[in-house]
Amino acid sequence: FFRFTPNDENVIGAFREAIVGMKVGSIRRIIVPPNNALGYPDGKKWRTKKPQPANFSGDRALGFVLENQGMIDKTLLFD
C-alpha cells in the first residue's frame with residue numbers, strides 16, 4: 001500500500017488527481033501516458049517523486065524505463 005495526502009507535492013500528480021472523489025476503501029486504476037506532466041520527472045530526477053518501488057529489482061526496472069528515452073513505451077500502470 002502507498003499512503004499519502006492529496007496536497008503532498010512529493011507525489012506524482014497522477015496519484016493526487018486520481019484520488020479526487022474517491023471514497024474510503026475504493027480502488028482505482030491509474031494509467032499515466034508517457035511525457036505527461038502528471039508522471040515522474042525526466043531522467044534521474046524521477047527518484048525525487050513518490051511512489052518509489054519497494055525493492056531493488058523494482059527500482060532498477062522503473063529506473064530503466066524512465067531513464068532510457070525513446071527505447072521503450074513509458075506508459076505507467078498502477079493498480
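**A buried aspartate and the aromatic pairs**

D8 is buried (under 20% relative accessible area, with exposed meaning over 50% and partly exposed in between; 1.4 Å probe, protein chains only), yet D8 has no salt bridge, and K50, the nearest side chain of opposite charge, is 4.0 Å away. A salt bridge here is a side-chain nitrogen of Lys or Arg within 4 Å of a carboxyl oxygen of Asp or Glu; Lys and Arg count as positive and Asp and Glu as negative, while His and the chain ends are not counted. The model is predicted, with local features needing pLDDT of at least 70 and side-chain atom pairs counting only at pLDDT 80 or more, whereas totals for chains, interfaces and linings use all residues. Residues are numbered from 1 along each chain as its sequence is written, and side-chain values use heavy atoms, leaving out hydrogens and water.

Leaving aside residues up to four places away in sequence, D8 touches R16 and K50 (contact means heavy atoms within 4.5 Å).

We turn next to the rings. Across the whole structure, five aromatic pairs are found (ring centres of Phe, Tyr and Trp, the last by its six-membered ring, within 6.5 Å; planes under 30 degrees apart are stacked, over 60 edge-to-face and the rest tilted). F2 and F4 are stacked, because their ring centres lie 5.1 Å apart with planes at 25°. F2 is partly exposed at 30% relative accessible area, and F4 is partly exposed at 22%. Y40 and W46 make an edge-to-face pair, since their centres are 6.3 Å apart and their planes at 90°. Y40 is buried at 8% relative accessibility, and W46 is buried at 0%. One aromatic cluster is formed by F2, F4, F15 and F78.
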